[in-house]
Every structure is written in structure tokens, then in C-alpha cells.
Amino acid sequence: MMQLRCPYCGERDETEFRFGGPAAIIRPGPPEQVSDEAWADFLYQMNNEAGWQAERWCHVGGCGSWFHIWRHTLTHDVSQPTLVGRPMAERPVE
Amino acid sequence: MFGTPWGRAWRKAEPKSHYDVVIIGGGGHGLATAFHLARDHGVRNIAVIEKGWLGGGNTGRNTTVVRSDYYYTTSSRFFDRSVKLYETLSKTLNFNIMFSQRGILNVFHHRDDRAGWLRLVNAMQLNGVNAELLDREQTLAYCPILNADPNARFPIQGAFLQEEGGTVRHDAVAWGYARAADAMGVDIIEECEVRAISRSANGNISGLTTTRGDISTGKVAVMAASGSDRLCEMAGFRLPVSHLTLQAFVSEPLKPVLDCVVASSGTGVYLSQSDKGGIVAGGSTDVFTSFARRGNFGTMESVLSGIVDFIPQFSRLKLLRQWSGTVDYTYDSSPIMGLSPVPGLYLNCCWGGGGFKAIPAGGETMAATIANDAPHSLIEAFSIDRFRTGALVDEAAAAGIEH
């Protein structure tokens, strides 16, 4: 079972968490200056890293907090979490 | 021991320095495309190159279900064409693919689910695809092994049935297409990984660098399932795709107990019994992006508990194997097929959990697309352009679970 670390509750099984998708996606703007291509990229181009990926998770089965982690999509290793709203940790080195 | 051993079904081809068309990916779609290019369009100088072994990706990992219960007319026309081609495929290929149209029963557990399925059944009937809605008694009569307890966690309220749906011997599809394509001169080259895709000064595809040497070609078709996005990056563009893990399970063999494919809309599990007697089962994808090609225990547990709730007799079944594949999903859960932003590069990928059922129609339409350098009418809507125009084919909700 994959283990994730909640900033408040510590290490727990993956089943206590909900995946919130890739993090660090910046909505382009202001809207009237955004090209169709940039907007389509924002809507449909998903971060899909084979390696360390910045992600958002929620501890739904626990304290309910949202946090960011780096997770390796090949090994399922995870970095230390940071709460949403705080600066993200540096991308881990391979 | 009993006469002469079986001969090779296809040659072990060495890569030549030039091909008219190179198809990347030796799964069902790649082999079917090669077959149709050779048979219907007279293109004979074709290579199918495969990183691993033939049919070793999702073609050999799926749960072999074939159906066409799609909501939108565009999807319905395409997938129903595929079912029709499967019906005659054994004869077409002279290879028994064991298509068993045993019926697919999609069980619902709540009256609100019924409304959704009724909407789908109506849409299917309008699209000319046979489908019917069953009540609780009819459902239990059709598949008596289901949990009839009215106090079950997911009580059975009824089901929607597609009688033309069924299962296929998945390896036979790959082998049959491979043998038939090989007989027409198609080179099938295994253990040949693409390292680079080169383009000429005018932007056209000009060739490939592979682990078995350079190949010059003007037409490359990307049919590499979850490897497709990295191939497209080599050609200079990105695919709007996300990778997930999808698991499957097979049990020890039993006497015949389950004569249809049955799925639960409450738990997302689906089951069928193979001709060897094993119960083949699957469920939802794992819930987060992964390239690891191994299933996670959280999803495993929810699939297996769903099975036990659905068919309590299976609680003491022993699993023989569990495996997983990497499935590549787009935003609307529909595939990407047709031309690409790079001239000479064709796409047939992003099938998510639903590519197997589409193999014959995928091969037929992609062969026409490659031969004519214009999308076949059945796949126009699945163009990568829809992620620029916004004209999505949003089958995610309509086609049920992993489709």
C-alpha cells in the first residue's frame, strides 16, 4: 500500500487520501489576452510526468487538509508535504 | 511427439532501411492497421515495430470485453462497426479469435441509475444498436448467480443488456492479424524501440532511429498506447493525456457458472468466465497518475470487495493472477485518431481502458487515413484538433466504467 504523509497526521495509507491532480498549474490571464492555444493547453494539457510530479492531495479520511507533494510516478516515492498556500518544496533530485 | 511441431505463424523480420509506412506498436491496433493497409490499399512495404513482444502491452492485458454501448452517434457508429467486424474476424483472418457474443449485463442498484441507463438505452436504439432495459426479475433470471438479497449493500434493481457484446480470445486477435499481415509481406519487428523521430526541412516525417538501426520512411503511425506521448514529444508536439493504472484479475478455473459478462454500476466491477473456466475480473482504474505498471492495494481491495458483494459465492475463490497495464486517458475519455500536427505522422492512441474492442475498426479506419492522408469519416470526430476547438466527444459518463 502506498503511504503518504499528511502535514498534520503523519504517514497514512493511500486509501485515506484523495488525489487532487497535478499541482502548480497556473491559469493564464487576463482572459482577453490569452490566445486560444494557451487556453486549450491550460484546459487539456495534463501534467503527465514519468518521474517526479507535483501533486495536490487531500486527507479526506483524516483531518481534511489539502497539501502538495512531489510523487515519483514510477516508484511511488513521495516527498515531504507542504500545505496548500505555502511555497512548494523543491523538486527532489533523481 | 505428435507429428511435426507447429511452424512459425509469422517471419522474424530484420528491419530494412526503408519502408513506405512504419507503424510503431505491435499491439492489436498496429497489426490490424498493417493488415488493412496491405489488403485494402495495396501498401505492402510496411513495418510494424514493437519495443517488447507482439501483443504484450494492453492487447494482452485487457479483460477481452467487446461491446458498443456508447451514447454519442460518433462513438456509436465507430464502435458498432468494430463489433460487426469482430463478428466475421475469425473468417477474415482464418484464425479462430473465439468471439463469444454472450451478452453484457450492466446492473444498476438504484432508481436514479435506472434513469441514466434508460437514457443510454434510448440513445443506443436511436443509433441503431440493439439494447434493452431489464427489471430486477429479468436481471436475476438472465444471470441467476448475482446477489439477490434485497438488503445487499448494492441491491439489484435492474440492468441494461447488450446481447451482441461478449468476449474474445485477446491473444488470438494479435496473432491472427500478425499472421495475415505477414503473409502479405508486412515486416513485424519485435524488440525494436524507437529512440528518435526525424523530420525533413519541410517538416515532414523523414525517418526513425531505433535500437535496431535507422529506418527512412515518409509515414509513421503512432499506435503505442501509453508510450505514444513520448513518441509525439520526439516528433515535436504533446498529447493531452494522463496515465493511469488499470488492474485485472483472474481466478482459479471453475465449472461453468457465469455465461455472460456482468458489470455493476455501483462498484464498477465487471466479470466474465473464460473458456478455461477462470473468472476474469476488473474494476475502476487506480485513482492517481502512475507509470509503475503495478496495481495498488487500495483499488485491489475495492474491486475484490465489490465482487464479493455482487456475487457472494465468489468469496472463497482463489485468484491465480493479478496484473495491470498503463492506460492513457484524454480529457473526454475518447481516443485520439487521425492526422497529427506533424505531416506524415498519424495517431491512433489514448484508448484509456477501451482499446481492445476497437481493434478491427481502428485498423480499418487508420489504414484508410494513412493511405489517403485524410481522416476516415468514422474517426473525424476523434481528431487531436478537438483539444483546440473544444468539440469533445465526452463519453466518460455515458459509456459506463472503464470502456
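In chain A, four antiparallel strands make an open sheet, in the order β3-β4-β5-β6. The model is predicted: local features need pLDDT of at least 70, side-chain atom pairs count only at pLDDT 80 or more, and totals for chains, interfaces and linings use all residues. Residues are numbered from 1 along each chain as its sequence is written, while chains are lettered from A and ligands numbered from 1 in the order in which they are written.

Helices (H or I, at least four residues) and strands (E, at least two) are DSSP runs, numbered from the N terminus. Two strands pair if DSSP finds at least two bridges between them. The sheet has β3 (18-22) and β6 (82-83) of chain A at its edges, each pairing on one side only. Strand β5 (residues 66-72) of chain A is joined to antiparallel β6(A) by two bridges. A:F67 faces A:L83 in β6(A).

A loop of chain A, between β3 and α1, holds A:P30. The peptide bond from A:G29 to A:P30 is cis, with omega near 0°.

Where do the chains meet? The contact takes 16 residues from chain A and 18 residues from chain B. Residues are in contact if their C-beta atoms, placed from the backbone, lie within 7 Å. Helix α1 (residues 36-44) of chain A gives the largest share of its side, three residues.

Helix α2 (residues 73-87) of chain B has 15 residues. From first C-alpha to last, α2(B) reaches 21 Å, close to the 21 Å expected at 1.5 Å a residue; the expected span is 1.5 Å times one less than the number of residues. Its buried residues include B:F78, B:F79 and B:Y86. Among the elements covering them are α4 (111-126) and α9 (359-372) of chain B.

Buried means 20 or more other C-beta atoms within 10 Å of a residue's own, exposed 12 or fewer, and partly exposed in between, with C-beta atoms placed from the backbone.

| Residue | Phi | Other C-beta atoms within 10 Å |
|---|---|---|
| B:A225 | about 45° | 26, buried |
| B:R293 | about 55° | 14, partly exposed |

B:A225 sits in the loop between β12 (220-222) and α7 (228-235) of chain B. B:R293 is in the loop between β16 (278-282) and α8 (297-310) of chain B.

A nonpolar core is a set of buried Ala, Val, Leu, Ile, Met, Phe, Trp, Tyr and Cys residues joined through C-beta atoms within 7 Å. The largest has 117 residues; B:I24, B:I46, B:V222 and B:V262 touch the most other members. Another core lies apart from it, with nine residues, including A:L4 and A:I69.

How values were computed
Two residues are in contact if their C-beta atoms, placed from the backbone, lie within 7 Å.
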